[in-house]
Amino acid sequence: METFVNAKTAVLQALIRGPSFGLELIERVKTSTGGKVELNQGSVYPALRAMERDGLVESYDDDEVIPERGGRPRRSYKITAEGIRAARDTQKAAFGLFQLAEVKG
Amino acid sequence: MSRRVSPAARLAAAQAALVEARTEQARLEAALAERSRALAVVDSLPTFVRAATPAQKHADEVMGDLSAINSQILVARQQVFVYERKVEEASRYWVRTGGIYPPLGNAERNAAVHSVESAPSAVERATKWLQIVELFVSPRVAREEIGDLLEIIHKYAAEGRPRWHVYVRAITGAVLATWHTWGDKLASLKKIGG
């Protein structure tokens, strides 16, 4: 399904609600957009790592042991102060864009 | 136009025919026993009594009946044999489709169950394969993406999805993990290059 937002924007907005890991972030975005935005693993992981390199998010290994993962810890992400600023900026930009569309429509 | 019959319907039809053949055989054998008893009564009578009464004529008729019944019993036994084989054949087909196999012997049944239970599951196969893939991806991708992939595969199995879903998911996930490893390497090279 083609989405109207890119993976970075969607994941950053989802992380405002609290720390999470790849699979849960995909589910969180899907639920919060009523299924309109469906991310896949192919786009989420590169987006998370790119944002980490840019200092927008931080990652850490979870202590929780999940037998299905065969000893591999979950990698969780939390948004940084810079990430929050970037997310707010995106929200403002999107809000402005949609207001414009409303006036014109 | 030929009509396709399901294995279950074929088994049910063969079993019904077998029951009918066995009932007919039992009826004929009961008739034979009854005629034999009647003949024994006539045989126990003194010769002069048999000659003076219609007993001898009756005995001759009974002898004729016995002969006819014996022939019918032979046919009935053949029918029972044929339908027993048909039930067996239908049941063999039925067990291959995953259903119940009523006339299967315990040893044969246990062997079949054992072979199914001891076969590696799709999750086990996919896990082994992903462990090999893990050797070719970065440690971080291995922990994060392969770990998540294993969670998804287990979820698929718990949901009872077909095996091919598990295999396709494992293959696409492994391709993505390899691709992301190269992407990460390239990104870090770019960062170093400034």
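Biologist: What is the relative accessible area of Arg49(A)?
Modeller: This is a predicted model, in which local features need pLDDT of at least 70 and side-chain atom pairs count only at pLDDT 80 or more, whereas totals for chains, interfaces and linings use all residues. Residues are numbered from 1 along each chain as its sequence is written, chains are lettered from A and ligands numbered from 1 in the order in which they are written, and side-chain values use heavy atoms, with hydrogens and water left out. Buried means under 20% relative accessible area, exposed over 50% and partly exposed in between, with a 1.4 Å probe and protein chains only. Arg49(A) is therefore buried, since its relative accessible area is 3%.

Biologist: Which residue forms a salt bridge with Arg49(A) at 2.7 Å?
Modeller: A salt bridge requires a side-chain nitrogen of Lys or Arg within 4 Å of a carboxyl oxygen of Asp or Glu. With 2.7 Å between the closest N and O atoms, Arg49(A) is bridged to Glu145(B).

Biologist: In which helix of chain A does Arg49(A) lie, and in which helix of chain B is Glu145(B)?
Modeller: Helices (H or I, at least four residues) and strands (E, at least two) are DSSP runs numbered from the N terminus. The closest N and O atoms of Glu145(B) and Arg49(A) are 2.7 Å apart. This pair crosses between chains, with Arg49(A) in helix 3 (residues 41–53) of chain A and Glu145(B) in helix 6 (residues 139–159) of chain B.

Biologist: Which residues are linked with Arg49(A) in a network of salt bridges?
Modeller: Over all chains the structure holds 15 salt bridges. Those of the network join Arg49(A) to Glu52(A), Arg140(B), Glu144(B), Glu145(B) and Asp184(B).

Biologist: Which residue of chain B meets Arg74(A) in a salt bridge?
Modeller: The N to O distance of this bridge with Glu151(B) is 2.7 Å. It crosses between chains, from Arg74(A) in the loop between strand 2 (57–61) and strand 3 (75–79) of chain A to helix 6 of chain B. Arg74(A) and its partner are both buried; that partner is Glu151(B).

Biologist: Is Glu24(A) buried or partly exposed, and at what relative accessibility?
Modeller: Glu24(A) is joined to Arg28(A) by a salt bridge of 3.8 Å, N to O. Both lie in helix 2 (residues 22–32) of chain A, four residues apart, about one turn of the helix. Arg28(A) is buried because its relative accessible area is 17%. Glu24(A) counts as partly exposed, because its relative accessibility is 36%.

Biologist: Against which elements do the buried residues of helix 2 of chain A pack?
Modeller: The buried residues in this helix are Gly22(A), Leu23(A), Leu25(A), Ile26(A), Arg28(A) and Val29(A). They pack against helix 6 of chain B and, in chain A, against helix 1 (7–15), strand 1 (20–21), helix 3 and strand 3.

Biologist: How far is the charged end of Arg161(B) from the centre of the ring of Tyr156(B)?
Modeller: A charge sits over a ring if NZ of Lys or CZ of Arg is within 6 Å of the ring centre and within 35 degrees of the ring normal. The charged end of Arg161(B) sits over the ring of Tyr156(B), and its distance from the centre is 4.0 Å.

Terms used:
Contact means heavy atoms within 4.5 Å.
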